[in-house]
Amino acid sequence: MVPLSYYLVLSGILFACGVAGFLIKRNIITIFMSIELMLNGVNLSFVAFAAHWHALAGQVFVFFVMVVAAAEAAVGLAIIIAVYRTRETLNVDQVNLLKL
Amino acid sequence: MTPNLNLWLIPVLPLAGAAVNGFLGKKSSRAAVSVVALFFSGAAFAWALAAAFRAFDTLPYQEYLAHWIRSGSFSADFAFYLDQLSLVMLLVVTGVGFLIHIYSVGYMWDDAGYYRFFSYLNLFLFFMLTLVLANNYLLMFIGWEGVGLASYLLIGFWFTKDSAASAGKKAFIVNRIGDFGFLIGLFLIIQHFHSLNFTQVFEQIRPSPPETAGAGVLTAIGILLMVGACGKSAQIPLYVWLPDAMEGPTPVSALIHAATMVTAGVYMVARSHGIFERAPVALTVVAIIGTLTALFAATIGIAQTDIKKVLAYSTVSQLGYMFMACGVGAFSAGIFHLMTHAFFKGLLFLAAGSVIHAVGGEQDMRKMGGLRTYIPVTFATMLIATIAIAGIPPLAGFWSKDEILWQAYQTNWVYWLIGLITAFITSFYMFRLLFMTFFGDYHGVQVDEHGRGSHSHGGHGHGEPHESPMVMLVPLIILAFFSVVGGLVGVGNRFEHFLAPVFGSGEAAQTAGEAASRGTELLLMAVSVVAALLGAMLAWLLYLSKPHLPQKIAAALGGFYEAVVNKYYVDELYATVFVKPLVDGSTRILWQGVDRKVIDDTINDAADGARHVSDEVRHMQSGNLRSYAGWIAAGAAALIAYMIWLGVGR
Amino acid sequence: MLSVHLILFLAFGVVALAGAINLLAQTHPINSALSLIAVMAALAGEYLLLGAEFVAAVQVIVYAGAIMVLFVFVIMLLNAGVEEHTKGSRVAVLFGIPGMLLGSLLVAWVLLRHSGTEAVVAGALPGAPKTIGPLLFHEFLLPFEITSILILIAIMGAVVLASKPPTTPPPIPGTTTSAATPPGPRKVN
């Protein structure tokens with residue numbers, strides 16, 4: 001039997017990897033993918049708790065998270081395309097017109 | 001049945017005149033302004049006369065107008081009180097005031113600030129009448145302060161001149177120093193008698209015996225009130241503002257600094273006679289200050305060359321006489337001299353103004369001379385006034401001054417002796433003024449188009465001195481008439497009996513040994529007349545028959561003469577001891593230290609601090625996406641840590 | 001105790017972790033995308049272990065099948081190349097990484113300390129569509145409808161944002177315009 005905490009540790013590590021990628025990476029798309037990784041980690045945590053407490057609401061919530069992630073991915077990628085058109089680069093450090 | 005006198009009209013009428021002229025005068029014609037001013041001041045005089053006639057037999061008379069302060073057990077109201085003392089003051093103020101208003105129409109005619117002058121003059125009348133008619137110290141204090149304000153406004157009337165503006169400031173500030181003493185005296189009165197109302201305070205004092213120890217409350221109150229009187233009535237050590245006040249127009253000097261405002265101190269001391277009579281030490285202080293001031297100012301007067309300054313020091317000296325009288329308990333004699341002094345000193349100033357007007361603004365007597373042929377009416381009136389002030393019978397000054405000397409002799413012969421010497425000196429310098437101005441040859445320059453001299457009110461472009469217009473001469477003549485007959489009310493102690501309901505018949509206690517004292521009185525009278533004549537003769541000797549003598553005497557006296565000419569360097573002393581440290585301290589400590597460093601710098605530093613903080617914080621908004629990401633991650637980590645900490649606690 | 005449950009859990013877990021770390025390690029975004037797909041597949045397996053069949057299916061269909069495909073499309077459309085090395089943000093490195101490391105360590109420590117939790121029984125909770133369905137359409141009806149509207153809006157937004165502008169001005173090369181420094185506050189005199 002797998003204790004709940006194992007699932008949570010895995011979820012936490014996935015989340016941490018997502019944040020690390022979000023901070024380290026320079027390519028906008030890669031940053032976006034790190035965000036998706038974070039969301040996945042959280043989803044795992046939801047499902048684990050749902051199983052632990054016998055509450056199906058957890059799984060329903062995962063469903064909604066996925067829906068929102070899909071919407072967000074669509075809009076975000078559209079923005080990335082628009083930025084690419086004007087800045088000709090996918091390097092996040094060069095999207096800095098607001099710099100002091 | 002006491003009639004309702006409507007006393008409130010007497011101060012309010014000039015106030016209305018001041019308001020009308022003040023607000024509407026600028027656009028009005030000179031004639032309109034004159035009519036308004038003369039009407040309101042004349043109406044006040046007429047009403048005062050009417051009140052005098054109607055209430056003559058039913059004094060004292062109180063008139064209650066309105067609530068003012070009701071605080072616990074203390075109350076002060078707007079209420080007027082008319083008794084014999086305030087009746088005398090009332091008639092003097094309104095009468096002489098009205099005459100000077102008439103005179104000013106002529107004197108100030110060419111001045112640009114014509115309407116302003118009459119507005120201020122009426123305002124002065126309002127405050128002075130409030131002072132005189134008040135039935136409690138607080139209302140009197142309002143009048144007191146108000147006349148100080150009017151004096152400041154009028155001294156600095158030609159405010160574009162530095163010396164006039166400074167003189168106005170000096171008068172106001174020195175006055176305030178006296179007022180400080182006055183206020184503390186008032187506080188003491190409130191503390192001990194729980195009221196400032198004259199009747200109530202004096203009722204409470206009545207059963208008290210005189211304070212022999214000299215350290216009681218009444219002594220303190222008396223001395224403090226005297227400090228206030230010293231400021232207002234220019235006694236030592238607060239007299240320094242009065243000579244400088246001559247920067248104002250001559251009618252102002254006549255009205256405020258001779259006849260009325262400076263006498264407010266004497267009036268206040270006389271009104272508080274109940275306090276002083278029970279505090280012998282305070283009374284002695286009053287007498288000593290008065291006597292010393294009389295002598296001191298007279299000695300300065302003999303070396304002055306400006307005609308108005310001579311008269312100014314003469315005023316200080318005569319005020320000293322009045323305080324000497326009060327100080328020996330002869331309050332009615334003091335008031336008598338106040339009345340006669342108003343006549344002849346007012347006349348002297350107005351005549352001096354006429355002289356100055358005649359010579360086109362020159363005030364230095366050495367540049368005058370021989371004017372009696374050019375301005376005979378002025379000369380005649382000035383001669384009458386000089387004889388009056390010298391104390392030569394039967395003119396007014398003789399009766400009042402002699403009454404003072406007689407009462408002083410009965411208290412302490414030293415007072416009498418100093419008073420006698422001062423009378424001699426007074427006669428000397430007054431006749432010196434007369435001779436230098438009206439006799440001899442005319443030393444003046446031909447008057448040019450716009451009049452020479454810094455006090456020019458617009459001289460006429462004539463070649464030689466000329467007489468003043470009728471509007472200026474008539475008040476001179478009227479005042480001369482009163483200088484002649486005004487003293488006769490004092491013959492046979494009639495004046496004293498008239499004021500007896502106010503001052504009590506305590507002075508009548510000196511009737512002991514009356515036959516013998518009658519002879520002494522006559523002897524002393526003769527001695528003082530002789531002294532006055534001696535002074536006149538000395539002046540004739542030095543300035544008419546042997547005019548080269550004064551210089552030789554001055555050279556012989558050397559340094560002492562220099563000191564007298566420079567007014568004993570009192571002004572310089574005050575400047576070094578009081579004024580300079582105060583100004584320096586104020587500049588360094590209050591301005592640079594407190595105002596700049598503490599107040600300004602606090603605000604500047606707060607602004608700078610805000611700017612520095614925001615300089616640091618703005619690096620958060622760098623425009624760099626990854627730093628935003630970093631901040632988000634850091635914040636999220638902090639939140640999570642916090643939630644864990646919360647959870648672990650359970 | 002080594003049970004099948006545990007072995008399977010560890011297997012899927014290792015794959016997920018490997019994919020995550022590979023996502024960080026790779027420089028070319030397409031490699032990162034592919035490792036992310038591996039992570040999602042492994043997670044789908046984890047969900048099955050927990051009995052969430054419906055969620056696992058949706059994960060494979062929507063996440064791995066649609067979203068990741070979208071990502072790959074965009075990567076190929078934009079012809080993203082290998083990342084260049086540019087100077088990043090100090091704050092991110094300074095605050096973020098240690099912060100997150102700390103956070104995750106903390107989480108791990110707390111969790112493991114309180115690991116006296118019950119074990120999760122494999123498949124204890126039936127997560128079949130038959131049981132999820134009623135929940136979706138009864139208790140969670142409102143969020144369900146709202147998210148469908150949300151997707152509609154997202155589609156519209158994506159279409160608008162990604163469409164070509166009427167006349168494309170030449171893109172500005174990477175020049176920065178300097179902003180004038182604003183004046184400081186006026187001193188009080």
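Helices here are DSSP runs of H or I with at least four residues, and strands are runs of E with at least two, each numbered from the N terminus. The structure is a predicted model, in which local features need pLDDT of at least 70 and side-chain atom pairs count only at pLDDT 80 or more, while totals for chains, interfaces and linings use all residues. Residues are numbered from 1 along each chain as its sequence is written, and chains are lettered from A and ligands numbered from 1 in the order in which they are written.

Helix H8 of chain B spans residues 217-232, 16 residues in total. From first C-alpha to last it reaches 23 Å, close to the 22 Å expected at 1.5 Å a residue (1.5 Å times one less than the number of residues). Because 13 of its 16 residues are buried, H8(B) is largely enclosed by the rest of the structure; buried residues have 20 or more other C-beta atoms, placed from the backbone, within 10 Å of their own. After H8(B) comes Ala234(B), with a positive phi near 55 degrees.

Turning to helix packing, H1 (residues 9-24) and H4 (residues 114-133) of chain B have axes that come within 8 Å and cross at roughly 160 degrees, the axes being lines fitted to C-alpha atoms over the stretch in contact, with angles from 0 to 180 degrees between N-to-C directions. H1(B) is therefore roughly antiparallel to H4(B), a term for angles over 145 degrees. Among the residues making this contact are Ile10(B) and Leu15(B) of H1(B), and Phe118(B) and Leu129(B) of H4(B); contact requires C-beta atoms, placed from the backbone, within 7 Å.

Key: A residue is buried if 20 or more other C-beta atoms lie within 10 Å of its own, exposed if 12 or fewer, and partly exposed in between; C-beta atoms are placed from the backbone. Angles under 35 degrees count as roughly parallel, over 145 as roughly antiparallel, 65 to 115 as roughly perpendicular and the rest as oblique. Two residues are in contact if their C-beta atoms, placed from the backbone, lie within 7 Å.
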